[in-house]
Amino acid sequence: ALGERDLGPLVVLGRNQVPHPPAGDAEGAVRRHQPPGVLEALEAADLVILAPSNPVMSIGPILAVPGIRPAVREAAMAVAVSPIVAGAAIKGPAVAMLRAAGWAATALGVAEGYRDCVSQFVLDERDRGLAAAVEDLGLRARVTDTLMVDVAAAGRLAEITLRAAGV
């Protein structure tokens with residue numbers, strides 16, 4: 001069970017663990033420095049997970065802070081979970097924001113945006129048809145139900161994500 005695992009150092013980006021500039025303030029991110037200890041935490045992490053949060057509004061500003069994206073890329077293992085399911089956002093304005101940023105508003109578009117900093121990509125079973133294209137990007141694709149409708153579903157997604165990372 002998930003609670004019985006010794007995960008060692010683990011960093012999850014996208015759930016407000018790392019302070020970041022307001023939404024859409026990528027220029028502000030470039031002016032900022034990472035908070036004390038963040039690079040060290042990323043370097044020590046056995047696993048970094050890019051949560052299924054808005055790639056433009058939540059994850060993007062974090063990755064835009066100088067030093068963060070390369071640190072995620074150099075982490076022992078980095079996995080991203082798609083926030084887009086069958087072309088729709090799990091929550092919030094992600095689809096409109098992805099389009100405005102010039103990304104394809106699909107799980108594949110998110111994988112393309114993260115391919116330089118993760119090696120594994122978890123996408124929803126409704127996007128199974130995109131798995132081969134994700135793998136063509138050089139990422140290992142994992143397909144599962146990514147909708148966290150309850151605690152049990154969230155636990156299953158966590159298990160699959162950890163398995164994708166070999167944990």
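This is a predicted model: local features need pLDDT of at least 70, side-chain atom pairs count only at pLDDT 80 or more; totals for chains, interfaces and linings use all residues.

User: How many aromatic pairs does a search of the whole structure find?
Analyst: Using that cut-off on ring centres, within 6.5 Å, we can go through the whole structure. The search turns up one aromatic pair.

User: Which kind of pair do Trp-103 and Tyr-114 form?
Analyst: Their rings sit 6.3 Å apart, centre to centre, with 85° between the planes. Planes over 60 degrees apart get their own label. So, with Trp-103 in the loop between helix H5 and helix H6, and Tyr-114 in helix H6, the pair ties together parts that are eleven residues apart in sequence. The kind of pair is edge-to-face.

User: Is Tyr-114 buried or exposed?
Analyst: Buried means under 20% relative accessible area. Tyr-114 has 2% relative accessibility, so Tyr-114 counts as buried.

User: What about Phe-121: where is it placed, and what is its relative accessibility?
Analyst: Phe-121 belongs to strand E6, residues 120–124. Phe-121 counts as buried, because its relative accessibility is 0%.

User: What is the phi of Ala-86 near?
Analyst: Most residues other than glycine have a negative phi. Ala-86, in the loop between strand E4 and strand E5, has a positive value instead. Its phi is near 55°.

Notes:
Residues are numbered from 1 along each chain as its sequence is written. Side-chain values use heavy atoms; hydrogens and water are left out. Helices (H or I, at least four residues) and strands (E, at least two) are DSSP runs, numbered from the N terminus. Buried means under 20% relative accessible area, exposed over 50%, partly exposed in between (1.4 Å probe, protein chains only). Rings of Phe, Tyr and Trp (its six-membered ring) pair if their centres lie within 6.5 Å; planes under 30 degrees apart count as stacked, over 60 as edge-to-face and the rest as tilted.
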